[in-house]
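Happy to walk through this one with you. Let's set each value against its cut-off and see what follows.

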Amino acid sequence: MTVVAEPPRARPGLRLAIALAFLLLFLWELLGAVSNLLAWAGFAAVLHRQLSAFAWLVLGGGVVVPIAAFVLAVLLTRRRTSGTLALVLVVAYAASQALTLSLLAFFQVGIGVR
Amino acid sequence: MADPETDDDALSWAGDEQEIARPTRPEAAVAPSRVTGAPTLVALGILGGIALLEALGWMRSVLSATLEATLEPGSGALATVAFAVNLLGRVAAVAAPVLWFVLAAWRIRTPSRRFAWLALGAVLLLPWPALMGLL
């Protein structure tokens, strides 16, 4: 007689809850990047100037980074366990924060703060 | 027959077999993934050291005056929550290189992929704020 072990069930509800919890953190980071971009664009408009290509690149990069980090983390772990999803999202969030600070530093150098 | 590990989309994660059932291949039962020879250990040590140095660089970065000035505690409940979340982000940035190293070294099975992800993390997470302050 052959005993076939029943495969453990996947828990899509838990995965969704983890993804949504981290999504809030990524959205907060995205909100900061968008408000930063709008604030500098508004500041340039007040001075009757336009943001330079470098400023668009760096500030736009700040908008793209959290979106890309979250989407990549979810895509790379779509067939993995919820634990793996949580671990990868933690690292993606941390890396996203580091990259955002790097872009902020580039921007500060570009506008002559540093 | 195709290599049993090449059909994964991007990464091979250790421990994932516990929750989600995957197709079984008898030949793949003994995966040659956890080879820990001396060169592998040396490479892991070097990349781990780089991750630690980068974490120190990030610590220096977030404590610099220019970045510290972008993080202010406000008054009121909403401002306090916003400050706490932003502070969490700074802590995460400091821990990022070490977290990346630990995750890649611990969870990615295939040695070539593991080192590709470790190298990517080492390049991606360079502490530019501190580096630009030094230059």
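Q: What is the mean pLDDT of chain B, and how many of its residues reach 70 or more?
A: The mean is 80, and 72% of the residues of chain B reach 70 or more; pLDDT is the predictor's confidence in each residue, from 0 to 100. This is a predicted model, in which local features need pLDDT of at least 70, side-chain atom pairs count only at pLDDT 80 or more, and totals for chains, interfaces and linings use all residues. Residues are numbered from 1 along each chain as its sequence is written, while chains are lettered from A and ligands numbered from 1 in the order in which they are written.

Q: Which ipTM and pTM does the predictor give the complex?
A: An ipTM of 0.84 and a pTM of 0.81.

Q: What makes up the secondary structure of chain A?
A: Chain A has three helices and zero strands, running α-α-α from the N terminus on. Helices (H or I, at least four residues) and strands (E, at least two) are DSSP runs, numbered from the N terminus.

Q: How do you know that the span of helix H1 of chain A agrees with its number of residues?
A: The expected span is 1.5 Å times one less than the number of residues. The 35 residues of H1(A), residues 12-46, should therefore span 51 Å, and the end C-alpha atoms are 49 Å apart, which agrees.

Q: Why is A:His48 called exposed?
A: A residue is buried if 20 or more other C-beta atoms, placed from the backbone, lie within 10 Å of its own, exposed if 12 or fewer, and partly exposed in between. A:His48 has 6 C-beta neighbours inside 10 Å, so A:His48 counts as exposed. This residue is found in the loop between H1 and H2 of chain A, and its phi is near 55°, a positive value in a residue other than glycine.

Q: Which residues of H1(A) are buried, and what do they pack against?
A: The buried ones are A:Arg15, A:Phe22, A:Leu25, A:Phe26, A:Glu29, A:Leu30, A:Gly32 and A:Ala33. They pack against H2 (53-76) and H3 (82-110) of chain A, together with H3 (77-107) of chain B.

Q: Why are H1(A) and H3(A) called roughly parallel?
A: Angles under 35 degrees count as roughly parallel, over 145 as roughly antiparallel, 65 to 115 as roughly perpendicular and the rest as oblique. H1(A) and H3(A) pack at about 5°, with their axes 9 Å apart, and are therefore roughly parallel to each other.

Methods:
Contact = placed C-beta atoms within 7 Å. Axes fitted to C-alpha atoms, helices over the stretch in contact; angles between N-to-C directions.
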